[in-house]
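Open the model in your viewer and follow the stops below in order. Each stop says what to select and what is there.

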Amino acid sequence: MFETIVSFLQDIVGGADRADGDVTEVRVAAVALCNQVMAADGQVTPEERAVVADLFKSRFGLEGARLNALLEAGDRAEKDAVDFFQFTTVLKRELSIERRNAFVGLLWDIVYADGEKTEVEDHVIWRIADLLGVEGRERVEQRIAAEKRARERRTLNS
């Protein structure tokens, strides 16, 4: 599954990196939605932030100031947003359904990074998935797979 998420991140800009730098509309929309999921339960944990940073770092080779610029752009966009629609519209327009499904899996990985899922987080992902055109069954399958990955990570780290 991690390979699917990495594959999603590879396609987030249509395969190859665009010439317009590290902060693109699609990347910012993805980070903003990740931020909204992180904040859904009222607290953003270091583990959740690390998951987001690691995924964008590993795919785009972004480190230091470049990675921080993308994460900060996502933070600003998320703070200015009134809903999910402006971000999901970008992803739905630019990504295939397979990539949108993988993105929902990435969101579940963020939820399980701190070891627990709340009703609010579940609702936020349900709403984002719905706006992305991801079917309920796929959303649940992505949740189950992310929960399994989280258990495996905790076992390895024990």
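In this tour Ala, Val, Leu, Ile, Met, Phe, Trp, Tyr, Cys and Pro count as nonpolar, Asp, Glu, Lys and Arg as charged, and the others, Gly among them, as polar. The model is predicted: local features need pLDDT of at least 70, side-chain atom pairs count only at pLDDT 80 or more, and totals for chains, interfaces and linings use all residues. Residues are numbered from 1 along each chain as its sequence is written, and side-chain values use heavy atoms, with hydrogens and water left out.

**Stop 1: a pocket**

Select Glu47, Val51, Tyr112, Ala113, Gly115, Ala150, Arg153, Arg154 and Asn157, the lining of the second largest pocket. A pocket here is an open set of points on a 1 Å grid over the protein atoms alone, where a 1.4 Å probe fits, with protein on both sides within 12 Å along at least five of seven lines; lining residues have an atom within 4 Å of a point. The space in the second largest pocket is about 150 Å³, a volume being the space filled by probe spheres set on the points. By class, its lining has four nonpolar, two polar and three charged residues.

Which helix gives the largest share of this lining? It is α8, with four residues. Both α3 (46–60) and α8 (136–157) supply at least two residues. Helices are DSSP runs (H or I, at least four residues), numbered from the N terminus.

**Stop 2: α6 and α8**

Now select α6 (residues 97–112) with α8: their axes come within 8 Å and cross at roughly 45°. Axes are lines fitted to C-alpha atoms over the stretch in contact, and angles run from 0 to 180 degrees between N-to-C directions. The two helices, α6 and α8, are therefore oblique to each other (angles under 35 degrees count as roughly parallel, over 145 as roughly antiparallel, 65 to 115 as roughly perpendicular and the rest as oblique). By class, the contact of α6 with α8 has six nonpolar, three polar and eight charged residues; contact means heavy atoms within 4.5 Å.

**Stop 3: α6 and α2**

Ala30, Leu33, Cys34, Val37 and Met38 of α2 meet Phe103, Leu106, Leu107, Ile110 and Val111 of α6. This contact has 10 nonpolar, no polar and no charged residues.

**Stop 4: α6 and α7**

Last, select α7 (residues 119–132), whose axis comes within 10 Å of that of α6 and crosses it at roughly 170°. That makes α6 roughly antiparallel to α7.
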